[in-house]
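Let's take a friendly walk through a protein model, looking at helices and aromatic rings. Keep the structure open beside you as you read.

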Amino acid sequence: MIQKSKPVVSGRALNEPGNPHFSALRLKAQPPRNSWEDVVDWHLERGITTVPVKFKGKSPFGTKWQKTTDPVAAFREYVGEDERFNIGILLGTASGVVDVDLDTPIARDLAPKFLPKTDYRWGRPGNPSSHYLYRCRGESLATAQFKGPDGTMHIEVRGNGAQSVIPPSTHESGEPIEYVSDGEPATVDYKTLLNVAGKIAAATLLVKNYPGQGGRNDYVLKLAGFFAHAGWSLEEAQDFIGIIAIEAGDDEFDSRMTTVKSTFEKHASGEEVTGQPALAELIGDDVVKLVAKWLHIARAGTMSHAASSTDVDELLEQARTTPTTFVADVLKDCTKVQKLVAMHKKTPALFSSLCVSLTTVQGLEKAGVATFRQAIVAEAKPRAKSKGTESRYQATDEGMFMLVGEEEAPKRLANFNAKVTNEIVYDDGVEQQRFFELEVSLNGRTITCTCSANDFAGMNWVAPQCGVEAIMEPGIANKEHLRVAIQSLSGRVPVNHRFTATGWTKDPETGVYCYVHAGGAIGPDGPMSNVQTEMDGVMARYRLPDPVDGEELLAAFQAFKRLRDVAPDRILIPLLAGAFRALFGPADFGLFLVGKTGTGKSELSALVNQFFGPELNSRNLPGSFTSTGNALEMQTFMAKDAVFTIDDFAPSATRFDAQKMHGTADRLVRAMGNGACRARLTSDATLRGAKPPRCMVLMSGEDVPQGHSIRARLLIIEVEKTDITPEAWKGALTDCQKFASLGRYAELMATFIHWLAEKHDERISYYQKARDQILNAHDETGNHRRTSSIEAQLLASWRMFAWFLKSKRLIDEAGRKALVDEGRTALAEAVAYQQDYQADHDEVDRFLQYLKTAMFQGLAHISDGGGKPPTWHHLCGYSTSREGNVNPHGTRIGVYFDEQNAVWLNATSAIAVAGRVANAGSTQFNVSAITLGKRLKDRGILVAIDKARGKNTVRRKLGDERAGYWIINAEALGLPHVTTMEERRAACEADKAATETTAASNESE
């Protein structure tokens, strides 16, 4: 425990008027940092080291400040009564944080458009919000500077060897350094942060060089060509150039975006467009070089393509004329192969369109088209080869050899031949795993095997895959040569990209958004034959049919309408809206169906899940609470942008089993709400990519998970036996189950997905705007903020689905409005039910009720100021013996001062007693004293706090006990508030008589 001395600066505490730092503290409510000790402690709790800095300066005291390990000692050494000072934080690996320092107004204005959000930002009136603090992952957090050609510093990522002055300090200009946001620094990847800083610096230079009227369109034209040659997508270029145009004050934004689009279209069609040289002539080669460096763009001039749409037409005509020999003929024609390789490299969308068109040619097998595509992709893949590598190795019937010495004598490496025939990349959206398929010739037989890239690199696959007959010559060098020999003699190997998780992703070839599922992918033009997926286990059942139209779409819509007859709208619409919400990115909440056995929870859950696959019926629900937390966490990660049902939340049986199930639910719900999960390490102890839930989790059970914050992350939907009538069980429910098994709901969902994919970015953006608009309109409702957010997200999803139905002419405008109104009403009713569940688990209400129960059961008591029974002793944990003696029971948890109408609760003892009462009822009460104190204060139950210490507890010695006390209103514990002694006696007698009457009545029952 650090012993703190009295904080002084020029004889004044930091928060005293007259101190030069006082204005900064007064202007912004901050965490309790009323002295340098509080500042040091606050940062130490977060692993951040602070250093004392000279007043109105940036130089720390002493010469060894970079090696500071005890900031308290450092401040005590250099800060005295007559010493004024600033405060700095040590950056880099010493504290695990970096400071993004924005040195120019343009960079500062651009920063919010690029930098990740962080709640730790500061600046001064003359340069506000100029510092962003981040926690960073990475072995080396070096300082990086981004200076213009004239030496002007635009942005600096300050890390190792640096420190930054923070509030409350004084700038050299005399201005106070103030917080803009004084919360926790966000965590980001260091390399990612450097890339973002490079974008800000590049954009700053391009804004500075933005011309005046008359030259702006030409400037944007050359910028667009520059980014087109660099391989940027149209969306990336429009976003970046659009930010530059807005910052430069260009009032013809739409015209500039049209210029960018037309430039990219010309580039895609093979026409020449200006590039880096032309841009350099306009703004200077030194500027363009820096922009290219900061954006990681290789230098390039104007370029033209070797293939165009004319070539596509010629190839299609050849395919129709000679479908059976088309693939072989084309691959033998070197000129055509070169054109196709250029097409794949420079206009991948055109190449993909050609492949799709070939699949429609009669007589041309799809397998042949796949071979054609893989051959061109493999030929286009760049491969670095050492000169003469292949000639050093030989493959014969007797094995693989290396030629050594001037005589090139063969030295055997292995008694088998092997070559890589296929390279497979498994992609789950966060990590990519590579596997190689090999063909091994050994003793006259051929063995086909598959191994991971890591196993191949270490040659650890030979014995497990080929058996004891496969012999590698001893020696590490021989093993390495064998690996190189296999790679060298394998030639160009086709690469297959296979997705292992569902959801939205970008096609690796064309860059367009598509939705992948176990059966393939759905893109802007419908099913995409070139996208491969490989899913196993429960994920194999997430299989969508092709989008439908005409009579098939009408039949799917009629089946959807029949769903409305199964259960009330307050149950069904939130579930259906949840299914549609799954398509708009990971959800920070879940749905929970609660009800007794036999109410139809599993059947309803299955119907919703079958929108993503007909096989996901009530007998094949993807998840169960009997599974481990790790398994459920991984499954909810893999089911990206889909519904994932977890059934059987029934925490009964033993207390251990109940706590385990509640723990699993708690872990999953918090992971959903926070978008995070348990960190994982690889075999070499490096941090792996996080894999939190990315789906709409639909849970069901007979009970609801505990905890106010947990329930706030769920929309709890109660199902009673009367909600699904006997007629609905036999009629509507049975019909809908048939429709679901036939794939009608999956067809409707596939068509909805296709509609979204047609204009993916635009329609996702429309959903986000609708969600924010609804949420802003709900700010005055008084609902829990998370509950309002859940309602807004579901209603916005429902509106998008209604828009889809109208665009497909399944409903008219009046029908769309009616459907949206029905959704709004049903969701409002569902949210009203939600309030009851949240109130039932409010931490403050539970805490106070536990204390009342403890005193009633004789587990705790409250005394008066002298340690004697208080006026209301029968309500405060006392009993009266036959002889008339009043005796306390259990632990003393506080002191009651009836004249003040206040109870001084011992925070530690009260929480411990509440926990014992909760455990006795097979529940948990795991709320910290700090959090509970804040909740009591927010509810207005605390009548006094320790303002000097900035704490909600007041430290006093009452009797022989010194502790931290919450001073609460006595009425919160059910103690009456009266003013005179006569009123006290009368109220006491009346209450005592009522208590005895109730007790006698209970005994008679």
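In this predicted model, helix 19 has a buried set made up of L553, A556, F557, A559, F560 and L563. Looking down the axis of helix 19, you would find its buried residues within an arc of 155 degrees, so they line one face of the helix. On the other side of helix 19, G550 and E551 are exposed. The length of this helix can be checked too: at 1.5 Å a residue, its 14 residues (550-563) should span 20 Å, and the end C-alpha atoms are 21 Å apart, which agrees.

Helix 21 (residues 601-609) has eight of its nine residues buried, so it is largely enclosed by the rest of the structure. Among these buried residues are K601, E603 and N609.

Now for the rings. The model has 39 aromatic pairs. Here are two of them:

| Pair | Centre to centre | Angle between planes | Type |
|---|---|---|---|
| W798 and F801 | 6.4 Å | 40 degrees | tilted |
| F897 and W904 | 6.1 Å | 75 degrees | edge-to-face |

W798 and F801 share helix 29 (residues 785-807), where they sit three residues apart, about one turn of the helix. Both W798 and F801 are buried, and F897 and W904 are buried as well.

Ring pairs also build a cluster, whose members include F557 and F560, two of the buried residues of helix 19. W755 belongs to that cluster, and the charged end of R763 sits over its ring, 4.1 Å from the centre. Elsewhere, R694 lies over the face of F637, 3.6 Å from the ring centre.

Methods
Residues numbered from 1 in each chain as written. Predicted model: local features only at pLDDT ≥ 70, side-chain atom pairs only at ≥ 80, totals over all residues. Heavy atoms only, no water. Helix = DSSP H or I, 4+ residues; strand = E, 2+ residues; numbered from the N terminus. Expected span 1.5 Å × (residues − 1). Buried < 20%, exposed > 50% of the residue type's maximum accessible area, 1.4 Å probe, protein only. Arc of directions from axis to C-beta. Phe/Tyr/Trp six-rings, centres within 6.5 Å; stacked < 30°, edge-to-face > 60°. Lys NZ or Arg CZ within 6 Å of the ring centre and 35° of its normal.
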